[in-house]
Amino acid sequence: MTSVVSLRTFANSSSVPIVVFVDMQQEYLAKPRLFAISEIDCALDNCRKVLDHSRRMGLPVAFIRMLSQSAFFNRATPFVRWIESFEPCRNEMVFERSSPSCYSSEPFNALVSQCCGGIVLAGFAGESACLSTLIDAFHRNHKVTYLSDASASHALEDVSADEIHRAVSKISGLYGEVYETTDWIASTLPGKLGNRKNAGG
C-alpha cells in the first residue's frame with residue numbers, strides 16, 4: 001500500500017505544480033498508423049515513473065487528450081483510448097482538446113492561469129503538443145517544466161525521430177526548464193519542492 005505525503009510537508013504548497021500527461025493514447029502505439037512513434041518504450045517507462053511518483057507524493061495530476069474529427073484521434077476508433085496503465089484515477093483531472101497546444105482547452109487554460117505552481121509536462125508528441133504548450137505557457141508567464149526523457153517525437157521528412165527530439169529538448173529550454181525524469185523526481189521530494197525557485201521545474 002502506497003503512502004500519500006500531504007502537501008503540508010512542503011514549505012510552500014502554492015508552489016506545487018500540476019503534473020500534466022499529454023496524449024497518453026493508443027494512437028501513438030498503433031503501428032503502422034501515421035502517428036505511431038517507433039521508439040516510444042523508454043519514454044513510456046519514464047512516464048510511468050513520473051505518474052507513480054506523482055501519485056505517491058499526492059501531487060495534482062492531469063491528463064489531456066486529443067480528440068479529432070479526422071481518421072486519427074477519433075472517438076469512434078479504439079486508438080483514442082488511454083494507453084494501458086495510464087487510465088486516469090477518479091481524483092485526477094481530464095481535459096480534451098482538438099488543437100496541438102494544451103492551452104486550446106479552455107478549462108485547462110483557466111486552471112493553470114489560477115495556479116501559482118505551473119505545470120510539468122510529460123507525454124506526446126514532443127515536436128507538436130509539448131512544444132506548442134511550452135510556448136503558450138511562456139507567453140502567459142506560466143512556470144513550465146518539460147521532462148524530455150518522458151516524451152518522444154516523430155521523424156520529420158529525412159530527419160530522424162531521435163534528432164527531432166534532441167532539437168525539441170534544446171528548444172524547450174528557451175521557454176521553460178528541461179529536466180530528465182530521475183532529476184525531477186529527486187527535486188520534488190518533501191522539503192525540496194516548496195523551497196525551489198521554480199517549483200514547476
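This briefing covers the salt bridges of the structure and one patch of charge on its surface. The model is predicted. It holds seven salt bridges, among them the pairs D23–R97, R55–E92 and D136–R140. Six acidic residues form a negative surface patch.

**The D23–R97 pair**

- D23 and R97 form a salt bridge in which the closest N and O atoms are 2.7 Å apart.
- This pair links distant parts of the chain, since D23 sits in the loop between β1 (18–22) and α1, while R97 belongs to strand β3 (residues 93–97).
- The two residues are 74 residues apart.
- D23 has a relative accessibility of 2% and therefore counts as buried, the cut-off being under 20%.
- R97 is buried as well, with a relative accessibility of 4%.

**The R55–E92 pair**

- A salt bridge joins the side chains of R55 and E92, at 2.7 Å from N to O.
- Because R55 lies in helix α1 and E92 in the loop between β2 (61–66) and β3, the pair ties together parts that are 37 residues apart in sequence.
- R55 has a relative accessible area of 27%, so this residue is classed as partly exposed.
- E92, at 10% relative accessibility, counts as buried.

**The D136–R140 pair**

- D136 makes a salt bridge with R140, and their closest N and O atoms are 4.0 Å apart.
- D136 is partly exposed, its relative accessible area being 23%.
- R140 is also partly exposed, with a value of 33%.

**The R65, R75 and E96 network**

- Salt bridges link R65, R75 and E96 in a network.
- Side chains of opposite charge can pair when their charged atoms come close.

**The negative surface patch**

- The patch is made up of E39, D41, E157, D158, D162 and E163.
- One of its members, D41, is found in helix α1, which covers residues 41–57.
- Helix α1 also holds R55, the partner of E92.
- D41 has a relative accessible area of 57%, and because the cut-off for exposed is over 50%, this residue counts as exposed.

**Burial of the residues described**

- Buried residues include D23, R97 and E92.
- Partly exposed residues include R55, D136 and R140.
- D41, in the negative patch, is exposed.

Terms used:
Residues numbered from 1 in each chain as written. Predicted model: local features only at pLDDT ≥ 70, side-chain atom pairs only at ≥ 80, totals over all residues. Heavy atoms only, no water. Patch = residues over 30% accessible without salt bridge, like charges linked within 9 Å, V, L, I, M, F, W, Y side chains within 5 Å. Areas by Shrake-Rupley, 256 points an atom, 1.4 Å probe, with all protein chains shown as cover. Lys, Arg positive; Asp, Glu negative; His and termini not counted. Charge placed at Lys NZ, Arg CZ, Asp CG, Glu CD. Helix = DSSP H or I, 4+ residues; strand = E, 2+ residues; numbered from the N terminus. Buried < 20%, exposed > 50% of the residue type's maximum accessible area, 1.4 Å probe, protein only.
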